[in-house]
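Trainee: Could we go through this structure together? I would like to begin with the ligand and then turn to the domains.
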Amino acid sequence: MKGSLVWQIRQSFPKLPPSSVVIYDRILGRKNFFQKWVASYPSHAVRGGESLKSIDAFPQNIRKILKLTQDLEKPILVGVGGGSVGDFVGFCASVLRRGCPLIHIPSTWLSAIDSAHGGKTALNVDAKNQIGTFKKPLKVFLVRELLESQPERRAAEALGELLKMALLDGGGWFEKVRNALPEASSSFLLSRFLREAIQGKYRIIEKDYLEISGGRRVLNLGHTLGHVLEVSHSLPHGVAVYMGLWMSVEWSLQKKFLSQREYKKVRSFFQTRIFQKSFKEVQKRKLSPRKFLFLLGKDKKRVKGQKIDFVFLKGIGRPYRYAVSFLSLLKECQRQGWVKE
Ligand SMILES: NC(=O)c1ccc[n+]([C@@H]2O[C@H](COP(=O)([O-])OP(=O)(O)OC[C@H]3O[C@@H](n4cnc5c(N)ncnc54)[C@H](O)[C@@H]3O)[C@@H](O)[C@H]2O)c1
Ligand SMILES: [Zn+2]
């Protein structure tokens, strides 16, 4: 799939193809420009968030979508919302009439730079993302008017994912992000580097769209400790990933995968207020080794035995996957002060 053919950054909402049915986060109904646009299409409002992805809520939601689409010969499902709406609508599009076309219009920074691209859909069955499909969207529209209407808090939460992409992709934009970071707001950074971050993601997923060769797994940079902290400290996903990036960078230095020179360049990524504040909070409430190992055991990146596929950095733009034992991960997290001795 050529990513550049699929996604498009625009100032305002697009005109959708005939037979489009819009499923949107009801929070967007408060915005005048959105109300005006959505009024032209059959639509259904949902409450965004993890509960939308719950398998228990699925029958009720899919019945409403079936009703809305029953008279259409070839319906197109259009999801407008954050990653939860994208995962849910993507799943619906892959099963409705054994698969119907899908369009994503992400409304959060996290979904705009990450979850709307790559074709993964998911529902929660007791735990997160237990079932899902690959469903390539027909189009992903990045609507600036919509994205820039978000509160600043949402941007701060997505910053970790933006920095992850800059570290993975390297190139000229890494330096630009680094230079802009001390002065700029999170929303400025996300808006300014939206294109670069998406291009970076497509460069990775195009090599391994269906996650067969493993190349796509480098996108898990920062996510091993990130997933643990997301649950243990109820951190927003992007903030937890930000902490996980630091852990990964520090360990890469410790293992001598990363040179001092490269490490010094990366270090400035972690001087933002949002990082420092969350870092202090997490260090104050260190995890017990027992809880840490329990949460680690739930990680999908687990490989045979008590090992996990961990993403290190050999340099900027040079991720390196290496299987590590749970015990060595525990020891490193204790050394760095995330887990009690
Ligand atoms: N499929 C993938 O590849 C992939 C990748 C990463 C994350 N995800 C999934 O994405 C989800 C997280 O995404 P998210 O952070 O966008 O969460 P979300 O969809 O839960 O949205 C977060 C909050 O923002 C609100 N919101 C949405 N758009 C808004 C706007 N424009 N203005 C104001 N508020 C708005 C929502 O109502 C919700 O309360 C998780 O379920 C995660 O598993 C999927
Ligand atoms: Zn993530």
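This is a predicted model: local features need pLDDT of at least 70, side-chain atom pairs count only at pLDDT 80 or more; totals for chains, interfaces and linings use all residues.

Trainee: Understood. How far is the side chain of Arg154 from an oxygen atom of ligand 1?
Mentor: An N or O atom in the Arg154 side chain is 3.1 Å from an oxygen atom of ligand 1.

Trainee: And what about Lys53 and Asp25, how far are their side chains from an oxygen atom of ligand 1?
Mentor: For Lys53, a polar side-chain atom lies 2.8 Å from a ligand 1 oxygen. For Asp25, the distance from an N or O atom of the side chain to an oxygen of ligand 1 is 2.7 Å.

Trainee: Which residues around ligand 1 come nearest?
Mentor: There are 22 residues around ligand 1, and Asp25, Glu50, Ser84, Ser107 and Thr108 come nearest.

Trainee: Changing topic: how is the protein chain divided?
Mentor: Domain 1 covers 3-147 and domain 2 covers 152-336. Their centres, taken over C-alpha atoms, are separated by 27 Å. In the contact, domain 1 takes part with 23 residues and domain 2 with 26 residues.

Trainee: What area is buried between them?
Mentor: About 2100 Å² is buried between domain 1 and domain 2, and carbon and sulfur atoms give 65% of that. On the domain 1 side, Trp7, Trp109 and Ile113 supply 34% of the area buried against domain 2, more than any other three residues.

Trainee: How many salt bridges and polar contacts cross the interface?
Mentor: The rule finds two salt bridges across the interface of domain 1 and domain 2. It also finds eight residue pairs in polar contact there, with both residues at pLDDT 80 or more.

Trainee: Which element gives the largest share of the domain 1 side?
Mentor: That is H5, with five residues on the side of domain 1 that touches domain 2. By residue class, that side divides into twelve nonpolar, six polar and five charged residues.

Notes. Residues are numbered from 1 along each chain as its sequence is written. Chains are lettered from A and ligands numbered from 1 in the order in which they are written. Side-chain values use heavy atoms; hydrogens and water are left out. Domain bounds come from an automatic or database domain assignment. Contact means heavy atoms within 4.5 Å. Buried area is the accessible area (1.4 Å probe) that two parts lose on being put together, summed over both. A salt bridge is a side-chain nitrogen of Lys or Arg within 4 Å of a carboxyl oxygen of Asp or Glu. A polar contact is a pair of N or O atoms within 3.5 Å; within protein, one must be able to donate a hydrogen and the other to accept it, and residues adjacent in sequence count only if both atoms are side-chain atoms. Helices (H or I, at least four residues) and strands (E, at least two) are DSSP runs, numbered from the N terminus. Ala, Val, Leu, Ile, Met, Phe, Trp, Tyr, Cys and Pro count as nonpolar, Asp, Glu, Lys and Arg as charged, and the others, Gly among them, as polar. A residue is near a molecule or strand if one of its heavy atoms lies within 4 Å of it.
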